[in-house]
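Open the model in your viewer and keep the selection tool at hand. We will go from stop to stop, picking residues as we go.

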Amino acid sequence: MTVTAERMPALYLSHGAPPLADDPLWPAELAAWSAGLPRPKAILMVSAHWEEAPLALAATRTVPLVYDFWGFPEHYYGVRYAAPGAPKLADDVRKLLRRAGTPVQDIPDRGLDHGAYVPLVEMYPDADVPVLQISLPTLDPRALMDIGRRLAPLRDEGVLIVGSGFFTHNLAALRHAGGTPGWSAEFDDWGQRALLAGDVDALLDFEHVSPSGKLAHPRTEHFAPLFVTLGAAEGELDRGRSVIDGFWMGLAKRSVQFG
């Protein structure tokens, strides 16, 4: 496949835990999704699993992954994903954000965490697309949308912007439930309808206007990357579509594409 410089879509995906690789359906869904996308020049990844302020840029060279999970079988810690670094993309991100007054720091030894590499292993298994991960500097939806807007010009340079979270995320509540709990299904249905309607105001205020919002996201870090995606896709929100839906261990794995 050849690298493209055409305008790339913006994605929000539910990234799964390391056992995603063993799921009978999800890896194929992610692989089919990436196969239908233009070939990206680079990938800019924002993961729920890296909160750092001011906004931080991770390694711009290939460094070891961050295995930010505990208690899993040993083979999950043997996964490798040696994607090339993206120093040119890092320069572009610095320019776009600093020009708008957003401070940026570099953490040059910080590798990709599981919110980044777990889906990328399925979507780009050859690890031949340069990847840059940036941190979530805040959980404020409006501030994150603004960051997404500032990064949006990168899409015209062939950069795939990916917000990686989980459409519902409350592991503590799942321990006391069997199957798909009502709060997860209710929030997923509400979120799907808000996305289809392009109701950004409702999504921004999801903690107060959605059913079961506090249960679906008792802490908002797994929903927060969606707002970076929404900002990067502003003007195209009427072209959004759900590519993956359904549930995994009771959590909504809804994943969406704009553009």
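Start with the lining of the second largest cavity: by class, four of its residues are nonpolar, three are polar and one is charged. Remember throughout that this is a predicted model.

**Stop 1: the second largest cavity**

Select Gln-192, Leu-195, Leu-196, Gly-240, Arg-241, Ser-242, Val-256 and Phe-258; these residues line the second largest cavity. Now colour helix 6 (182-197), strand 7 (241-244) and strand 10 (255-258), the elements that each give two or more residues to this lining. Which element gives the largest share of the lining? Helix 6 does, with three residues. The space inside is about 50 Å³.

**Stop 2: the largest cavity**

How many cavities of 30 Å³ or more does a search of the whole structure find? The search finds three. A probe the size of a water molecule, rolled over the atoms, shows where empty space is left.

Go to the largest cavity, with a volume of about 130 Å³. Select Arg-61, Val-63, Ala-83, Leu-112 and Val-131. Among the 17 lining residues, these lie nearest the centre of the largest cavity. The lining of the largest cavity divides into eleven nonpolar, four polar and two charged residues.

**Stop 3: the largest pocket**

Next, select Ala-17, Phe-72, His-114, His-169 and Leu-171. Of the 21 residues that line the largest pocket, these lie nearest its centre. The largest pocket holds about 530 Å³ of space. What classes of residue make up its lining? Twelve are nonpolar, six are polar and three are charged.

**Stop 4: helix 2 and helix 4**

Two packed helices are described by the angle between their axes and the distance between the axes. Show residues 87-99, which are helix 2, and residues 141-151, which are helix 4. Their axes come within 9 Å and cross at roughly 120°. Helix 2 and helix 4 are therefore oblique to each other. The crossing of helix 2 and helix 4 is right-handed.

Which residues make the contact? Pick Val-93, Leu-96 and Leu-97 on helix 2, then Ile-147, Arg-150 and Leu-151 on helix 4. By class, this contact of helix 2 with helix 4 has five nonpolar residues, no polar residues and one charged residue.

**Stop 5: helix 4 and helix 10**

On helix 4, select Pro-141, Leu-144, Met-145, Gly-148 and Arg-149. On helix 10, select Phe-227, Val-228, Leu-230, Gly-231 and Ala-232. These residues make the contact. They divide into seven nonpolar, two polar and one charged.

**Stop 6: two backbone details**

Most residues other than glycine have a negative phi, and most peptide bonds are trans. Zoom in on Ala-53 and Pro-54: a cis peptide bond joins them, with omega about -5°. Where is Pro-54? Pro-54 sits in the loop between strand 2 (42-51) and strand 3 (55-57).

Finish at Ala-127, in the loop between helix 3 (114-123) and strand 5 (131-136). Phi of Ala-127 is near 50°, a positive value in a residue other than glycine.

Note on methods
Residues numbered from 1 in each chain as written. Predicted model: local features only at pLDDT ≥ 70, side-chain atom pairs only at ≥ 80, totals over all residues. Heavy atoms only, no water. 1 Å grid on protein atoms, 1.4 Å probe; cavity = no way out; pocket = protein on both sides within 12 Å on 5 of 7 lines; lining within 4 Å. Points joined across faces, edges and corners; volume = space filled by probe spheres on them. Nonpolar A, V, L, I, M, F, W, Y, C, P; charged D, E, K, R; others polar. Axes fitted to C-alpha atoms, helices over the stretch in contact; angles between N-to-C directions. Helix = DSSP H or I, 4+ residues; strand = E, 2+ residues; numbered from the N terminus. Parallel < 35°, antiparallel > 145°, perpendicular 65-115°, else oblique. Left-handed = near helix turned anticlockwise from the far one by under 90°. Contact = heavy atoms within 4.5 Å.
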